Amino acid sequence: MILTIQPLKLTKPSPSPFHSIRTAIFCEKKAPFRRRKYNSSRRSVLKKTFIQEQVKFTAPVSDDPVVAIIGGGMSGLLCALFLEKRGVRSTVFDTGVHGLGGRMGTRIIDPSPLVFDHGAQFFTASDPVFAELVHDWSLKGLVQEWMGTIGELELGGQFTPLSSSSSRYVGVNGMRPLADSILSQTHMVDVVRPSWISKLEPFNGMWHLSENGKPRGQFDAIVIAHNGKCANRLLSASGLPLIARQMKRLELSSIWALLAAFDDPLPVPVDSSGSPFEGAFVKGIDSISWMGDNTKKISKAKDGGPYCWTFFSTAAFGKRNKVPQENIPTVTAERVKETMLEGVEAALGLSKSSLQRPCYTRLQLWGAALPTNTPGIPCIFDSEGRAGICGDWLLGSSLEAAALSGIALANQAGPLILSYIADYFTSGGSSPEEFSVGLHNEFQPLEGHDIGQFPGLESKEKIIEPQPV
Ligand SMILES: Cc1cc2nc3c(=O)[nH]c(=O)nc-3n(C[C@H](O)[C@H](O)[C@H](O)COP(=O)(O)OP(=O)(O)OC[C@H]3O[C@@H](n4cnc5c(N)ncnc54)[C@H](O)[C@@H]3O)c2cc1C
């Protein structure tokens, strides 16, 4: 008998030689070990680790690599800025409808207009690299020192000013305008917003991004510059199990923000020079952890209202009253608002129901507000998967931490701030394992205020009594 071996007939011819090898990845969702066919190629060899398989890019990086940065908060913006300084192009994708910045949010309510920073309030700069950057922003008129008194306010109105060994900064017209300006002088960065990247797929040696089925381009490397549920979802079937595992370890607080405008100034304690405080960390009141006077801080209006205040709840209050942030039930909103206004009244030492009613309010829940644990490493980079993470949570809970993380992922500037992506590219990607970092670091709890860390802020031991009401 003669056996003839027939060549295998392909029903669909491969469009390129790279399509000839097919592998699969396991993705973790409802059915954790469901096998998914994947059009991977010789250039993107997938190797099984944990639940998902690890994507491994083996082909040399292109001569003119482009990085996709998913998230346009402080960390993502600085990653893009510092990649450009190393000659690497990037595209920043961000969900922001009104602008960039993420948790550096500023709300402008027309027609008055009322202006509120509803995320980050102010920041300090303790690291020399960040301080230099902030100095540059200050020269460009993007930030200014916040000279107003800030301190700690105890239940009943006892106010203790805080001194600061480093300057306190705010965005000149609020935090969001600063975020929107950070990339204004770049020429190697594209910004795409509003855009919500919903899928990352490794294919033919490149990362393919899409938004609800719509292709958003292909990139040599990706940077996840956001955290929380959204990042977990995006990473769950990405082929980056080590990165996904680190992200899943992150714990985040929830904080309510109440923006309130008043026709008359609030009766707040004054400092020794007779100036009312402009910001206070509130102690001993469950519903309030911070109150900040935007009108003094941003608008600098001396006379005439409305007077715009931002009140933040404690993380404990946020946790107990957590609801889906996109769909806050009206009864919850009303209860939270009233409880927070009562908290303000108690903090200021006012008699019950004597706080003037605000002429405008807006309530928001930051469902994923601030990290409560950290791996304490500037950034994470999986060189085999050509993917990195930056964000505040890697180092702390502040704008400075977010900035340093973005810079660290992009650049090399000092012992802490090591280079990953840019060095990896300039090395030609030849020995990727040398460039991986942070994939196995343990997490530690984070200390700080409910709204973050402010290195350089110290407490003065001088107590100032409340003003008679
Ligand atoms: C209530 C509150 C008060 C704070 N106060 C202060 C303060 O006074 N001082 C201080 O230093 N810090 C403060 N912080 C912390 C500070 O805001 C953060 O540390 C910092 O802004 C984090 O920056 P980031 O780039 O890591 O993340 P983010 O600012 O969260 O940026 C992530 C961005 O990614 C976007 N994104 C998410 N998923 C996707 C997707 N799939 N596709 C595209 N884009 C996506 C998000 O919309 C967001 O714009 C505060 C935070 C909160 C919540």
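**Exercise 1. Find how strand β11 (residues 150-154) pairs with strand β12 (residues 158-164), and then with β20.**

Step 1. Start with the ground rules. This is a predicted model, in which local features need pLDDT of at least 70 and side-chain atom pairs count only at pLDDT 80 or more, while totals for chains, interfaces and linings use all residues. Residues are numbered from 1 along each chain as its sequence is written.

Step 2. Helices (H or I, at least four residues) and strands (E, at least two) are DSSP runs, numbered from the N terminus. Two strands pair if DSSP finds at least two bridges between them.

Step 3. β11 and β12 run antiparallel and are joined by four bridges.

Step 4. Now look at the turn. The hairpin of β11 and β12 has three residues between the strands, and Gly156 takes a positive phi near 100° there.

Step 5. Turn to strand β20 (residues 279-283): five bridges join it to β11, and these two run parallel. Here Ile150 stands opposite Gly279.

**Exercise 2. Which strands stand at the edges of the six-stranded open sheet, and what packs on it?**

Step 1. Write down the order, β14-β6-β5-β18-β26-β25, and note that the pairing is mixed.

Step 2. Because β14 and β25 (380-382) each have a single partner strand, they stand at the edges, and one side of each is left without a neighbour in the sheet.

Step 3. From one strand to the next, the twist averages 15°. Angles here run from 0 to 180 degrees between N-to-C directions, and axes are lines fitted to C-alpha atoms, for helices over the stretch in contact.

Step 4. Val223 stands opposite Gly388 in β26.

**Exercise 3. Describe how helix α2 (residues 128-139) meets α9.**

Step 1. The two axes come within 10 Å and cross at roughly 100°.

Step 2. That angle makes α2 roughly perpendicular to α9. For reference, angles under 35 degrees count as roughly parallel, over 145 as roughly antiparallel, 65 to 115 as roughly perpendicular and the rest as oblique.

Step 3. List the residues: Val129, Phe130 and Leu133 come from α2, while Glu400, Ala403, Leu404 and Ile407 come from α9.

Step 4. Sort them by class. The contact has six nonpolar, no polar and one charged residues. Ala, Val, Leu, Ile, Met, Phe, Trp, Tyr, Cys and Pro count as nonpolar, Asp, Glu, Lys and Arg as charged, and the others, Gly among them, as polar.

**Exercise 4. Why does the shell around the ligand lie between two domains?**

Step 1. A residue is near a molecule or strand if its C-beta atom, placed from the backbone, lies within 6 Å of it. Of the 40 residues around the ligand, those that come nearest are Gly71, Gly73, Gly102, Arg103 and Asp392.

Step 2. Ask which elements contribute. At least two shell residues each come from α1 (74-85), α4 (229-235), β19 (255-262) and α9 (399-410). The largest share, three residues, comes from α1.

Step 3. By class, the shell has 21 nonpolar, 16 polar and three charged residues.

Step 4. Domain 1 (25-100 + 183-251 + 372-438) and domain 2 (106-177 + 253-367 + 450-459) both give residues to the shell, so it lies between them. The domain bounds come from an automatic or database domain assignment.

**Exercise 5. Locate the backbone exceptions at Pro113, Pro194 and Asn204.**

Step 1. Recall the background: most residues other than glycine have a negative phi, and most peptide bonds are trans.

Step 2. Ser112 and Pro113 are joined by a cis peptide bond with omega about -10°. Pro113 sits in the loop between β7 (106-109) and β8 (114-117).

Step 3. A cis peptide bond also joins Arg193 and Pro194, with omega about -10°. Look for Pro194 in the loop between β14 (189-192) and β15 (199-203).

Step 4. Asn204 is not a glycine, yet its phi is positive, about 55°. Its loop runs between β15 and β16 (206-211).

Technical notes. Two residues are in contact if their C-beta atoms, placed from the backbone, lie within 7 Å.
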